[in-house]
Amino acid sequence: MKAEAFAKKVLERATKLGADQAEVYLETSRQSSVRVHEGEIQDLTQATSKGLGLRVICGGRLGFACTSDFEGDADDFVKRAVALAQVAAPDENNVLPSASDLQPRVTADLQLFDPRVAELDEGWKIKVSLEMEKAARAADPRVSKFDSCGAGDAVSEAYIASSAGLEDRARGTYVYLYASPVASQDGQLQVGSWSDSKRFLADLESPEQVGKTAALRATRMLGAKKAKTAKVPVIFDPQIAASFVGSLAGAVNGDMIFKKASFLLNKLGERIAPAGFTVVDDGLLPRGLGTGPWDGEGVPLRKTAIVEGGVLKSYLYDVHTAHKAKARTTGNASRGYSSLPHIGVNNFYLEKGNRKPEDLIREVKNGLYVTFMLGRGANTITGDYSRGANGIWIENGELAFPVQECTVAGNLLQMFQAIDGIGDDLVFRGGVNAPTLRFSELTVAGS
């Protein structure tokens with residue numbers, strides 16, 4: 001393989017041309033997508049990318065360069081990275097993973113690559129996209145048009161090697177469907193959306209199911225009105241609950257902790273949520289979208305308990321931030337070939353509870369079931385949370401009527417403590433996931 005041969009040559013030359021430590025990260029990928037509209041193809045795209053990133057450390061000074069030219073002079077490329085390092089400020093925390101960071105290597109079959117996805121052609125994506133449109137229209141005649149509807153796939157491969165003796169490679173696949181129909185009635189328009197993403201084609205929801213679910217989410221909002229301002233029980237459906245749990249991911253970012261810019265600073269070991277609340281980041285989840293044998297620095301992925309039984313257990317680190325904080329990397333370095341590693345999540349999720357979602361609703365006399373949210377969400381520095389929300393109002397334990405243009409507000413620490421019900425309906429659809437989540441009382445601002 002020409003690209004990998006070039007990467008090995010670059011690494012070999014790096015230490016000879018002045019680098020104390022060096023690392024190469026090679027990435028190749030192919031992505032394609034189809035978007036349809038009113039039974040016709042609107043966009044059909046395919047893109048490939050290939051590139052190499054070189055990270056060098058010279059006397060504590062960091063240099064980085066990237067290229068997609070594998071025919072060029074390896075020495076010139078390496079000299080560029082070394083020259084950049086020589087003018088950078090020294091930092092004792094500029095280090096590559098140590099030998100202990102790089103062990104033990106993952107040997108389990110993580111099920112990352114599906115040959116069926118790798119062989120998908122445009123014909124399949126066009127077919128399923130049209131089927132989603134057809135299924136959504138058939139589900140309810142009030143579905144009048146589509147905001148978007150389409151499908152896509154991706155195949156990627158990465159190779160990493162370093163002066164510490166690291167050398168590894170991994171590949172994976174990814175396939176997805178999405179539909180956003182628009183429902184209309186009495187002059188009101190409502191958009192619903194639904195999607196699914198998986199590594200294996202056999203795990204993907206059928207296009208009919210994606211279309212029907214998206215249509216239901218649009219039509220059930222027809223006739224929506226403003227809710228009255230009140231403090232009531234609030235239930236987040238799994239999509240909204242995942243977004244809420246994602247707010248926690250930002251707050252446990254080790255770099256934010258080091259900068260004292262997180263409301264979870266100095267909270268390790270403290271109870272921040274009820275005993276049933278457990279959040280993990282699991283990079284070894286078989287077939288998970290965020291699963292892999294190693295992170296962006298070659299450190300083996302692992303399962304890290306973030307909150308266990310309501311107690312904050314860990315922050316997330318890459319090597320650089322862990323060194324600053326005198327901690328160990330948690331295998332959470334994320335990167336592409338053209339960028340330096342930064343902290344990211346793998347499969348970050350709230351573990352499922354033991355309550356049926358319908359029971360969580362049945363126990364609410366007067367409250368809000370949230371199905372859509374707008375806005376940025378949480379301030380991870382202060383923990384303040386405020387987002388525009390649409391959903392279904394609950395009366396006497398039943399979903400009664402749609403409401404929109406509400407605001408759900410609180411403070412994350414107080415919201416964690418207010419959790420009084422966790423559903424058993426956890427499904428993995430993205431990098432951050434959660435089951436249905438109920439809060440005993442939140443402020444809902446409406447009319």
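A nonpolar core is a set of buried Ala, Val, Leu, Ile, Met, Phe, Trp, Tyr and Cys residues joined through side-chain atoms within 4.5 Å. Buried means under 20% relative accessible area, exposed over 50% and partly exposed in between, with a 1.4 Å probe and protein chains only. The model is predicted: local features need pLDDT of at least 70, side-chain atom pairs count only at pLDDT 80 or more, and totals for chains, interfaces and linings use all residues. Residues are numbered from 1 along each chain as its sequence is written, and side-chain values use heavy atoms, with hydrogens and water left out.

**Cores**

The largest nonpolar core holds 51 residues, and Phe236, Phe244, Phe277 and Phe416 have the most contacts inside it. Helix α6 (residues 238-251) supplies the largest share of this core, eight residues. Helices (H or I, at least four residues) and strands (E, at least two) are DSSP runs, numbered from the N terminus. Another core, of 24 residues, lies apart from the largest one; Leu11, Ala65, Phe70 and Val82 are among its members.

Contact means heavy atoms within 4.5 Å. Beyond its neighbours within four places in sequence, Phe236 has contacts that include Ala241, Phe244, Val370, Tyr385, Met415 and Phe439.

**Rings and charges**

Rings of Phe, Tyr and Trp (its six-membered ring) pair if their centres lie within 6.5 Å; planes under 30 degrees apart count as stacked, over 60 as edge-to-face and the rest as tilted. Eleven aromatic pairs are found in the whole structure. One of them, Phe6 with Phe77, is tilted, at 6.4 Å centre to centre and 40 degrees between the planes. This pair links distant parts of the chain, with Phe6 in helix α1 (residues 2-16) and Phe77 in helix α2 (residues 74-86), 71 residues apart. Elsewhere, ring pairs join Phe236, Phe244, Phe277, Tyr385, Phe416 and Phe439 into a cluster.

A charge sits over a ring if NZ of Lys or CZ of Arg is within 6 Å of the ring centre and within 35 degrees of the ring normal. The charged end of Arg171 is placed over the ring of Phe113, 3.7 Å from its centre. For Lys225, the charged end is over the ring of Phe401, 4.5 Å from its centre.

**Buried residues**

| Residue | Relative accessibility |
|---|---|
| Phe6 | 7% |
| Phe77 | 4% |
| Cys58 | 10% |
| Cys406 | 2% |
| Ser180 | 11% |
| Tyr369 | 12% |

A disulfide is a pair of cysteine sulfur atoms within 2.5 Å. The structure holds zero disulfides. For Cys58, the nearest cysteine sulfur is that of Cys66, 17 Å away.

Ser180 is placed in strand β5. Not counting residues up to four places away in sequence, Ser180 touches Phe146, Asp147, Ser148, Val191, Gly192 and Ser193.

Tyr369 belongs to strand β15 (residues 366-378). Outside the four places either side in sequence, its contacts include Ile235, Asp237, Ile361 and Asn390. Tyr369 and Asp91 are 278 residues apart in sequence and 50 Å apart in space, C-alpha to C-alpha.

**Helix α4**

The expected span of a helix is 1.5 Å times one less than its number of residues. The 18 residues of helix α4 (residues 122-139) should therefore span 26 Å, which agrees with the 26 Å between its end C-alpha atoms. Buried residues of α4 include Trp124, Ile126, Val128, Met132 and Glu133. The buried residues of this helix pack against β1 (21-37), β2 (40-58), β4 (143-162), β5 (167-185) and α5 (207-219).
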